[in-house]
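Here's a quick briefing for anyone meeting this structure for the first time. Have a look at the model first, then work through the notes below.

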Amino acid sequence: MRALVSSLAAGVLFGFGLGLSQMIDPARITGFLDVFGAWDPTLMFVLGGAVGTTALTFRLVLRRAKPVCEPEFLVPKRTSVDRRLVTGSALFGIGWGLTGYCPGPGITGLVLGSTNALFFVAAFAIGLIVSDKFIGEPAAEKKSEDG
Amino acid sequence: MIPEHWLSALIGGICIGASATVLLLMNGRIAGISGISGRVLAGRGAEPWALLFLAGLLIGGAIYEYGLAPTPTPVAAAAPWLMLGGGLLVGIGSRMGHGCTSGHGVCGLGRFSRRSLIAVLVFMTTAFITVYLVRHTGIVGGG
């Protein structure tokens, strides 16, 4: 029960952060990516705040033997860089650049009643299912997701 | 002096980092939205925590937008095919690459993961190139 409450609370905090930082406005993302246009540095501050926080806290949290509500930390252990990682990330970046949405802001953006977000999230979900079905990998590898 | 919206961007970013910290500390999980979405969609053994996290995204977004936002967040019109095609690429790419901006960016970089650093550099690069092609060459769609 505690685990469910903390997960919901974490989701609320994440969604609130995406709203406050205006990442739910795709124009902020494409504005950042458009270095030859009217460059918008907002994303840099968001990523700086987020990574600055996790870089400090994760190290402390992972010193614990186990998380508060669960028996073990499920953190990826793989360190090798393979072709899938590079190809997948390259495709992700193209989609991100085309839409100005990545998954978190897309889902959170649904609360604006934006049809863009709706189309994006529907296609994103189909993409996840398609890749699981047709370009999946051995089940053993799936356990070590990076995110 | 930092313009006000950069300050709220920084604080928003800290909220996102704090969220990832809560999920790791309490649940032992990485706050990667694509991974969590995959767990919700897969439905096998249904992981309720994942569904609640996604519900939380909507609640948190609504609290900001309808409770605190000084001005409504702009919603721009865009071509549906762009959203559908781009969304598909984001879905397939994040699955293949095992993570997105949150999993590799916020969490992976925070763990000093080499895989995540490579992933972030690669998707930033292709995203920069994509936006350049769309906005400054007219090759794609003529935006």
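Let's start where the two chains meet. Across the interface of chain A and chain B, the rule picks out three salt bridges. One pairing of this kind joins D132(A) to R95(B), with the closest N and O atoms 3.0 Å apart. Keep in mind that this is a predicted model.

**The two chains, one at a time**

- Taken along the principal axes, the C-alpha atoms of chain A fill a box of roughly 50 × 35 × 30 Å.
- Chain B comes to six helices and zero strands, and its pattern along the sequence reads α-α-α-α-α-α.
- The C-alpha trace of chain B spans about 50 × 40 × 30 Å along its principal axes.

**How the chains meet**

- On the chain A side, 107 residues take part in the contact, and chain B brings 105 residues.
- Between them, chain A and chain B bury about 9,700 Å², with 74% of that on carbon and sulfur atoms.
- The rule also finds 23 residue pairs in polar contact across this interface, both partners being at pLDDT 80 or more.
- On chain A, the helices that each supply at least two residues to the side touching chain B are α1 (2-20), α2 (26-33), α3 (42-61), α4 (83-99), α5 (103-108) and α6 (115-134).
- Sorted by class, the residues on that side of chain A come out as 59 nonpolar, 32 polar and 16 charged.

**Helix α2 of chain A against helix α6 of chain B**

- The axes of α2(A) and α6(B), the latter covering residues 114-136, come within 8 Å and cross at roughly 95 degrees.
- Angles from 65 to 115 degrees count as roughly perpendicular, and α2(A) and α6(B) are therefore roughly perpendicular to each other.
- From α2(A), the residues T30(A), F32(A) and L33(A) meet M124(B), A127(B), F128(B), V131(B) and R135(B) of α6(B).
- That contact of α2(A) with α6(B) has six nonpolar residues, one polar and one charged.

**Helix α6 of chain A against helix α2 of chain B**

- Here the axes of α6(A) and α2(B), the latter covering residues 33-42, come within 10 Å and cross at roughly 75 degrees.
- This pair, α6(A) and α2(B), is therefore roughly perpendicular too.
- F124(A), A125(A), L128(A) and I129(A) in α6(A) meet S34(B), S37(B), G38(B) and L41(B) in α2(B).
- By class, the contact of α6(A) with α2(B) divides into five nonpolar residues, three polar and no charged.

**Salt bridges**

- How many salt bridges does the rule count over all chains? The count comes to seven.
- Side chains of opposite charge can pair when their charged atoms come close.
- Inside chain A, D40(A) forms a salt bridge with R28(A), and their closest N and O atoms are 2.8 Å apart.
- This pair links distant parts of the chain: D40(A) sits in the loop between α2 and α3 of chain A, while R28(A) belongs to helix α2, 12 residues apart.

Note on methods: Residues numbered from 1 in each chain as written. Chains lettered and ligands numbered in written order. Predicted model: local features only at pLDDT ≥ 70, side-chain atom pairs only at ≥ 80, totals over all residues. Heavy atoms only, no water. Contact = heavy atoms within 4.5 Å. Buried area = accessible area lost by both parts, 1.4 Å probe. Salt bridge = Lys/Arg side-chain N within 4 Å of Asp/Glu carboxyl O. Polar contact = N/O pair within 3.5 Å; in protein donor to acceptor, adjacent residues only side chain to side chain. Helix = DSSP H or I, 4+ residues; strand = E, 2+ residues; numbered from the N terminus. Nonpolar A, V, L, I, M, F, W, Y, C, P; charged D, E, K, R; others polar. Axes fitted to C-alpha atoms, helices over the stretch in contact; angles between N-to-C directions. Parallel < 35°, antiparallel > 145°, perpendicular 65-115°, else oblique.
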